[in-house]
Amino acid sequence: MKFFVLFFAVLLLFTAAAAHAASVELGSMQVFPLLDMQGESPVSLLVGATEDQIVRFVPGGELQSQVLAFLVKLPDSTVLFDTGLGAARGGKMMEALKEANVSPSDIDAVFLTHLHMDHYGGLTDAGGKAVFPKAALYVARVERDWWLGEKKDENVRKAFAPYESRLHVFEFGETPLPGITAMDASGHTPGHTAFHVKAGDGELLVAGDILHFAEIQLPLPQVAVKYDTDQEKAPQARKTILDMAAERKIPVAGMHCPVPGLWRIAASGSGYEKTGVIQGN
Ligand SMILES: [Zn+2]
């Protein structure tokens with residue numbers, strides 16, 4: 001409950017945005033960043049950053065906040081990674097999808113990085129119906145079991161209800177669809193997942209909430225956020241995923257990174273730095 005009070009308090013600072021980022025070709029895949037929301041968040045959400053570090057890396061005193069989903073057209077399927085907050089909560093992801101000339105019925109699969117509202121909220125409309133009429137829904141078994149079993153979360157239950165017959169759970173390390181491998185990024189939530197996507201010679205790391213506030217968590221990956229279920233494990237997952245991206249030079253798709261949310265990164269000091277933004281055309 002505490003999470004949602006905090007979350008919606010932060011949301012008040014958001015301004016809805018429908019800006020459209022152009023698509024990017026990576027090998028045999030086409031990636032469309034879909035902006036759902038953007039605004040600012042207070043530095044009080046940070047855990048483990050000193051006053052000096054905050055002054056240095058967040059000089060304006062407000063953290064940049066945005067919510068993105070990513071549509072990926074693979075040779076054999078059209079896949080959506082996360083769904084934003086949902087139109088009923090002011091999310092603009094569906095408008096961005098329309099601008100990309102993709103209809104909800106074109107989507108074959110929805111992959112969820114984790115079960116926070118800003119990632120699964122767009123699964124259903126205001127009436128509780130499935131927004132994606134044909135899509136299979138994929139989520140980590142650990143994540144589903146945590147929210148539906150342990151937490152008995154009513155919002156997640158309602159969002160999943162219309163997808164019950166097409167819900168697929170996976171284990172970390174599995175490849176639920178050709179070219180998409182689930183990677184253990186747990187810590188932010190117990191089943192938080194990053195996805196390694198490969199098509200032809202193109203690769204992408206869909207990083208979920210590995211970077212909440214990139215301006216400080218790239219240089220200081222040890223900084224956690226109040227939303228992290230496990231504030232010690234979340235930074236470790238950040239390092240594992242970002243090490244892979246840096247060493248293998250794989251572009252990162254961050255759900256909360258500034259538009260277009262597609263970055264190249266490299267190791268730098270005891271953290272990382274952004275070396276390029278992948279712009280579309
Ligand atoms: Zn999030």
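Which residue's side chain makes a polar contact with the side chain of Thr189? Select Thr189 and Glu143 together: their side chains make that polar contact, at 3.0 Å. A polar contact here is a pair of N or O atoms within 3.5 Å; within protein, one must be able to donate a hydrogen and the other to accept it, and residues adjacent in sequence count only if both atoms are side-chain atoms.

Before moving on, a word on what you are viewing. This is a predicted model, in which local features need pLDDT of at least 70 and side-chain atom pairs count only at pLDDT 80 or more, while totals for chains, interfaces and linings use all residues. Residues are numbered from 1 along each chain as its sequence is written, and side-chain values use heavy atoms, with hydrogens and water left out.

**Stop 1: around Thr189**

Stay with Thr189, which sits in the loop between strand E10 (180-184) and strand E11 (193-199). Helices (H or I, at least four residues) and strands (E, at least two) are DSSP runs, numbered from the N terminus. Is Thr189 buried or exposed? Its relative accessibility is 1%, so Thr189 counts as buried. The cut-offs are under 20% relative accessible area for buried, over 50% for exposed, and partly exposed in between (1.4 Å probe, protein chains only). Now show its surroundings: leaving aside neighbours within four places in sequence, Thr189 is in contact (heavy atoms within 4.5 Å) with His114, His116, Glu143, Trp147 and Thr229.

**Stop 2: salt bridges**

Next, select Arg141, Arg144, Asp145 and Glu171, which are linked in a network of salt bridges. A salt bridge is a side-chain nitrogen of Lys or Arg within 4 Å of a carboxyl oxygen of Asp or Glu, and by this rule the count comes to six.

Zoom in on Arg141 and Asp145, whose closest N and O atoms are 3.4 Å apart in their salt bridge. Because they are four residues apart in helix H5 (residues 141-150), about one helical turn separates them. Arg141 is partly exposed at 33% relative accessible area, and Asp145 is partly exposed at 32%.

Then turn to Glu171, whose side chain meets that of Arg141 in a salt bridge (2.6 Å, N to O). This pair links distant parts of the chain, 30 residues apart: Glu171 is in the loop between strand E9 (167-170) and E10, while Arg141 is in helix H5. Glu171 counts as partly exposed, at 31% relative accessibility.

For another salt bridge, select Arg157 and Glu154, which meet at 2.8 Å, N to O. Both lie in helix H6 (residues 154-160), three residues apart, about one turn of the helix. Arg157 is partly exposed at 42% relative accessibility, as is Glu154 at 39%.

**Stop 3: the open sheet**

Now colour the strands of an open sheet of six, in the order E10-E11-E12-E14-E15-E16, with mixed pairing. E10 and strand E16 (271-277) stand at the edges with a single partner strand each, so one side of each is left without a neighbour in the sheet. Two strands pair if DSSP finds at least two bridges between them.

Follow E15 across to E16, where six bridges pair the two strands in the antiparallel sense. Among the facing residues, Ala267 stands opposite Tyr272, and Trp263 has Val277 as its bridge partner in E16. The two strands form a hairpin with two residues between them, and Gly269 in the turn has a positive phi of about 60°.

**Stop 4: helix H8**

Finish with helix H8 (residues 233-247). Its 15 residues should span 21 Å at 1.5 Å a residue, and the end C-alpha atoms are 21 Å apart, which agrees; the expected span is 1.5 Å times one less than the number of residues. Colour its buried residues, among them Ala234, Pro235, Ile241, Leu242 and Met244. Just after H8, look for Lys249, which takes a positive phi of about 50°.
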